Amino acid sequence: MPAVDKLRLEDALQDSPQTRSLLSVFEEDAGTLTEYTNQLLQAMQRVYGAQNEMCLATQQLSKQLLAYEKQNFALGKGDEEVISSLQYFSKVVDELNILHTELAKQLADTMVLPIIQFREKDLTEVSTLKDLFSLASNEHDVSMAKYSRLPKKRENEKLKAEVAKEVASARRKQHLSSLQYYCALNALQYRKRIAMMEPMLGYTRSQINFFKKGAEMFSKKMDGFLSSVSNMVQSVQEELDSEAEAMRVSQQDLLSVGESIYTPDFDAASPYINRNLIQKAGYLNLRNKTGLVTTTWDRLYFFTQGGNLMCQPRGAVAGGLIQDLDNCSVMAVDCEDRRYCFQITTPTGKPGITLQAEGKKEYEEWICAINNISRQIYLTDNPEAVAIRLNQTALQAVTPITSFGKKQEILSPSQNVKNVEMQNDRMVPQESDSIPESTELIAPGTPIQFDIVLPATEFLDQNRGGRRTNPFGEDGQEEDEADSLLQQMFVVRFLGSMAVKSDDTVEVIYEAMRQVLAARAIHNIFRTAESHLLVTSSDLKLIDPQTQVTRTSFELASVTQFAAHQENKRLIGFVVCTSESPGEDSMSAYVFESNTEGEKICYAINLGKEIIEARKDPEALAQLMSSMPLTNDGKFKLLNEQSEENNTVHGDGDQESEA
């Protein structure tokens, strides 16, 4: 190591300007060393503080690793391997925390403490000696000035001796302080080298010791664990890369489609509509009344669940019931000059909620789905097949069928009890050439009436002469029903009526059913009015369940054909023949949907016609009454399972008959 510059102690007593100049250099060096030492101490204290923070951080890290198992992750399935690995890592971090704590202690003892001692001992000593040397020099200068002012003419030996003694004392004190100060400055040149090396030596040794202990503790037993964790991470990374690539390709495919998928109602001209839906979900606008004349429209997510319409706002965990769809009706409505609005009506006829779809396709499919659900198709074993079959049956009206023989390949023949009995208890197969064509039963293009206000004959030629039948079948005189032997009430919904050309066979009723259902499906007419059908021994009456007013009536003698659909047991139809002019009869087919089986209504009509025939012969009437059970008031008791329902209907017009 090169020689160290020193102050000559021999020059301390003389205290020459050259010595003072050299002293100033040493003092400047000491000042720079003091400033640097303070900065170095701050850096080392920061390292020591960071190490202490590392101890606290690793301790907190260990706790957080153990807390992973206690987190209730919504998608935490398959995290068992991660949990076990994190628990092992927590133990490793705890062991490392012990090493970090030991390292922090070593840094405090071997790095921070030596530099603090150097600053507090050596640098402070030099600063103190500097101050003492300055005071001694000032005292020596003062005593020399006093000695120099002694008089020459009036010399006082005593005063001279005292001043000389004072100068000697001051000079001795200055000499002593300067010697001590010079020695401290000379020693500082050696001590600063020790002070710079010793802390870093302690820091390095502490780190090496830390790493050695860590290697000894973990190198052997952690190699296998780290290898397995690395393999797991690599496997997950490969899966991530594969999934990212798949998502990128999928994203490109999804974005490569045209702008049409973002455009509402882009296929309004010719949308593809699935009319066989029994489930539907999507966003709709719900109309809410906020005042007497003000309304708001809220965009909510709707979905069907069984026979219920559910609504789920954004952010909600689950949906809530908003409408029971069983036996409800749905129809398009005009509402506030908005497009694609439809309304759901309750089974009692009360208007329900009003909704708005985004486009024509959604609008049509929602109406079809609600209509299918209202028929309770979802309760069947194979609801999709039932929905497809019913819609195909309805849509066959737009496909020409040359004969009923071909039609019977799709629809099973349906005959009522009376027709079977008329064939002597045996079915006589008809030849295909004897079955009339559909055009022979119903004229092509015959209009269909969907309201019961007017009978179907009102849609015939308006220029035809003759007296027209009263639409309600009422002439101002009400029939006395006290002597009626038959009164049976059924809850029905009118589907439609149309003029027919023949009433020779029940096939005309099946054809009318087919065309009415097809027309309702094609034109999205799903709303139906509920009525009470009263079957008596003289006529059929359609009564409003709310007002008990007779909407229309048909004389039982004018009902020439009646039958129930063999597949859809709730469909019932009959043909009414009325005379519009002498020698000219008009025939109309009426189609209803009932809450009971159609065969029961057919049985009641058949019994009523038998009573009419029996009235012509008192003996036959007495025989008929003796063969049939009667109620307490002397009326025919038809069906035991419906007796309670009839009493309910007579008591409250709003309740339905459920057979």
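**Contacts and the whole chain**

I started with contacts along the chain: among those between residues at least 6 apart in sequence, 67% join residues at least 24 apart. I have to keep in mind that this is a predicted model. Next I looked up the secondary structure, which comes to 13 helices and 15 strands. Of the 659 residues, 39% count as buried. I also noted the accessible surface, about 38200 Å², with 53% of that belonging to carbon and sulfur atoms.

**Helices α2 and α3**

I wanted to know how α2 and α3 pack. Helix α2 covers residues 80-148 and helix α3 covers residues 157-218, and I found an angle of about 170° with the axes 7 Å apart. Angles over 145 degrees count as roughly antiparallel, so α2 is roughly antiparallel to α3. Sorting the contact of α2 with α3 by class, I got 32 nonpolar, 15 polar and 15 charged residues.

**Aromatic pairs**

I then went through the rings, and the count comes to 16 aromatic pairs. One of them is F133 with Y182, a tilted pair at 6.3 Å centre to centre and 45° between the planes. F133 sits in helix α2 and Y182 in helix α3, 49 residues apart, and the pair links distant parts of the chain. I checked burial too: both F133 and Y182 are buried.

My other pick was F494 with Y590. Their ring centres are 6.5 Å apart and the planes stand at 50°, so I put this pair down as tilted. F494 lies in strand β9 (residues 487-500) and Y590 in strand β15 (residues 584-594), so the pair ties together parts that are 96 residues apart in sequence. F494 and Y590 are both buried.

**T19**

Y182 turned up again when I looked at T19. Leaving out residues up to four places away in sequence, T19 touches D11 and Y182. T19 is found in helix α1, which runs over residues 17-67. Is T19 buried or exposed? Its relative accessible area is 8%, so I wrote T19 down as buried.

**Q323**

I looked up Q323 next, which lies in strand β4 (residues 320-324). The relative accessible area of Q323 is 11%, so Q323 goes down as buried. Which residues does Q323 touch, not counting those up to four places away in sequence? My list reads G307, N308, L309, C328, I344, T346, G352 and I353. I followed up on G352: Q323 and G352 are 29 residues apart in sequence, and 8.1 Å apart in space from C-alpha to C-alpha.

**Two positive phi values**

Most residues other than glycine have a negative phi. Y340 is not a glycine, yet I read a positive phi of about 55° for it. Y340 lies in the loop between β5 (329-332) and β6 (341-345). With a relative accessible area of 17%, Y340 is buried.

Q376 is not a glycine either, and I have a positive phi of about 60° for Q376. I located Q376 in the loop between α5 (360-374) and α6 (383-395).

Key. Residues numbered from 1 in each chain as written. Predicted model: local features only at pLDDT ≥ 70, side-chain atom pairs only at ≥ 80, totals over all residues. Heavy atoms only, no water. Helix = DSSP H or I, 4+ residues; strand = E, 2+ residues; numbered from the N terminus. Buried < 20%, exposed > 50% of the residue type's maximum accessible area, 1.4 Å probe, protein only. Contact = heavy atoms within 4.5 Å. Areas by Shrake-Rupley, 256 points an atom, 1.4 Å probe, with all protein chains shown as cover. Axes fitted to C-alpha atoms, helices over the stretch in contact; angles between N-to-C directions. Parallel < 35°, antiparallel > 145°, perpendicular 65-115°, else oblique. Nonpolar A, V, L, I, M, F, W, Y, C, P; charged D, E, K, R; others polar. Phe/Tyr/Trp six-rings, centres within 6.5 Å; stacked < 30°, edge-to-face > 60°.
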